[in-house]
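Visitor: I would like to learn how to read a protein model feature by feature. Could you take me through this one slowly, giving the general idea before each case?

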Amino acid sequence: MQLLIMAMEPLEFFKLITGLTAPSSILISLLFIALGMVSITKGGDLFTDSAVEIARLTRVPPVIIGATIVSMSTTFPELMVSVTSTVSGKGDLAVGNALGSCLCNIGLIIGSCALLNGFLARKRNTERCIPVSRFTIVGPGFFMLLSGVIVWLFSLFSSGGAVNQNGLPAEFAIARWQAGILLCILAGYILFTLRVALSSRHDFGLDQEQPPQVENLKRYYSKLAFAFFIGACLVILGSKLLVTNAVQVARYFEVSELLIGLTILAVGTSLPEFTISILSIVKGHGALGTGNIIGANVLNITMVIATCALIHPLPIPKQTVYFDAPVVILLILAMLGLSWRRKEISPVSGSILLTIYVGYLLIATFWFAS
């Protein structure tokens with residue numbers, strides 16, 4: 001390994017270590033996958049601690065911090081992967097990555113976090129369920145459901161000149177004018193969360209955790225911002241390393257590009273959300289992880305898909321129209337419905353979400369892949 005690195009050009013080594021290109025050796029790809037996981041874990045730890053501290057300093061509820069600045073940072077890998085795929089003429093990867101990330105966020109991440117929280121609660125003698133306020137369901141949750149339904153409806157017909165990889169007019173597609181509508185929904189979501197954040201500062205009560213008392217507040221802000229930035233960079237770098245090399249391994253075993261987008265790319269680019277959410281549960285800040293997932297899904301559906309469709313009208317695979325998108329809507333409805341009555345996500349609810357996701361993966365792998 002050391003001899004191989006010494007034989008490389010500096011630019012070539014930089015591209016490998018940052019995940020811009022994949023090595024030709026599968027063994028080295030596996031090594032970079034492990035390196036990416038370490039980077040994600042260390043960066044996620046920094047990222048979570050600084051995000052929680054930002055919530056305390058700004059007197060904004062952690063769920064809003066998670067749904068805005070945290071979700072925007074953790075969604076960056078999905079945006080870059082999808083945009084790169086679109087520019088390269090591989091719309092299947094772009095759509096599969098964005099919708100697959102939504103499936104992974106709710107089914108795998110929320111499901112796993114609910115089960116983990118229930119397990120830790122037995123040892124810590126704390127609440128077994130992840131709290132979800134009614135505001136979260138009717139606010140960010142509504143935007144998540146609305147954007148998912150609209151993308152599915154848009155994809156039911158083709159307009160705007162989208163073509164498939166064979167150069168023929170696409171049967172299903174998202175046009176540029178439809179991307180503009182999705183961006184309007186995104187703007188409404190951002191304005192809504194900003195308004196709530198500003199109003200929450202005035203409603204900061206005695207039952208909420210008070211901001212920390214520090215001597216040099218300016219220096220503390222700078223240190224906090226630096227930790228947040230470094231944590232985000234490490235998470236994004238680790239995700240890029242893992243995704244690039246995981247795709248290389250999958251292609252070595254001749255896995256289809258749509259399936260790569262729905263599984264490896266989706267799970268890989270969702271690792272920032274996974275890391276932040278898991279660490280939030282471990283550190284006792286479940287609301288931060290929940291807000292992160294909901295915000296990331298809104299951004300995946302609106303910002304990521306809309307940006308790709310603005311670059312070029314986006315063809316939608318038939319599998320996505322008839323299977324992937326409906327399952328996304330099903331998981332969103334299941335998550336909001338299961339948490340509506342008691343305003344919490346229980347381990348039982350988490351197991352239901354996780355079961356739906358596993359069932360989806362099995363059908364996508366063994367039925368559609370064939």
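**Reading the helices and their contacts**

Guide: Of the 370 residues in the protein, 52% are buried, where buried means under 20% relative accessible area, exposed over 50% and partly exposed in between, computed with a 1.4 Å probe on protein chains only. This is a predicted model, in which local features need pLDDT of at least 70 and side-chain atom pairs count only at pLDDT 80 or more, while totals for chains, interfaces and linings use all residues. Residues are numbered from 1 along each chain as its sequence is written, and side-chain values use heavy atoms, with hydrogens and water left out.

Visitor: What span is expected of a helix, and how does one compute it?

Guide: The expected span is 1.5 Å times one less than the number of residues. Helix α12, residues 271–282, has 12 residues and reaches 16 Å from its first C-alpha to its last, close to the 16 Å expected. For helix α3, residues 26–58, the 33 residues should span 48 Å, and the end C-alpha atoms are 46 Å apart, which agrees.

Visitor: Is α12 largely enclosed by the rest of the structure or left open, and why?

Guide: Because 9 of its 12 residues are buried, α12 is largely enclosed by the rest of the structure. The buried residues are L271, P272, E273, T275, I276, S277, L279, S280 and I281. V282, which also belongs to α12, is partly exposed, with a relative accessible area of 38%.

Visitor: What is V282 in contact with, leaving aside its neighbours within four places in sequence?

Guide: With those neighbours set aside, V282 is in contact with L116, L120 and R124. V282 and N117 are 165 residues apart in sequence, yet C-alpha to C-alpha they are 7.7 Å apart in space. N117 lies in helix α6, residues 91–124, and counts as buried at 14% relative accessibility. Beyond four places in sequence, N117 is in contact with E127, R128, C129, I130 and I281.

Visitor: How should I read the packing of two helices?

Guide: Two packed helices are described by the angle between their axes and the distance between the axes. Here the axes are lines fitted to C-alpha atoms over the stretch in contact, with angles from 0 to 180 degrees between N-to-C directions. The axes of α12 and helix α13, residues 286–311, come within 7 Å and cross at roughly 160°. The two are therefore roughly antiparallel, a label for angles over 145 degrees, whereas under 35 counts as roughly parallel, 65 to 115 as roughly perpendicular and the rest as oblique. The crossing of α12 with α13 is left-handed, that is, the near helix is turned anticlockwise from the far one by less than a right angle, clockwise being right-handed.

Visitor: Which residues meet where α12 packs on α13?

Guide: From α12 come E273, I276, S277, S280 and I281, which meet G286, L288, G289, N292, I293 and A296 in α13. By class, this contact has 5 nonpolar, 5 polar and 1 charged residues; Ala, Val, Leu, Ile, Met, Phe, Trp, Tyr, Cys and Pro count as nonpolar, Asp, Glu, Lys and Arg as charged, and the others, Gly among them, as polar.

Visitor: At what angle do the axes of α8 and α13 cross?

Guide: They cross at roughly 35° and come within 9 Å, and α8 passes α13 in a left-handed crossing. Among the residues making the contact are F143, M144 and S147 of α8 and I294, N297 and I301 of α13. M144, placed in α8 (residues 140–154), counts as buried at 0% relative accessibility.

Visitor: What does a positive phi tell me?

Guide: Most residues other than glycine have a negative phi. K343 has a positive phi of about 55° although it is not a glycine; K343 is found in the loop between α14 (318–340) and β4 (344–345).

Conventions. Helix = DSSP H or I, 4+ residues; strand = E, 2+ residues; numbered from the N terminus. Contact = heavy atoms within 4.5 Å.
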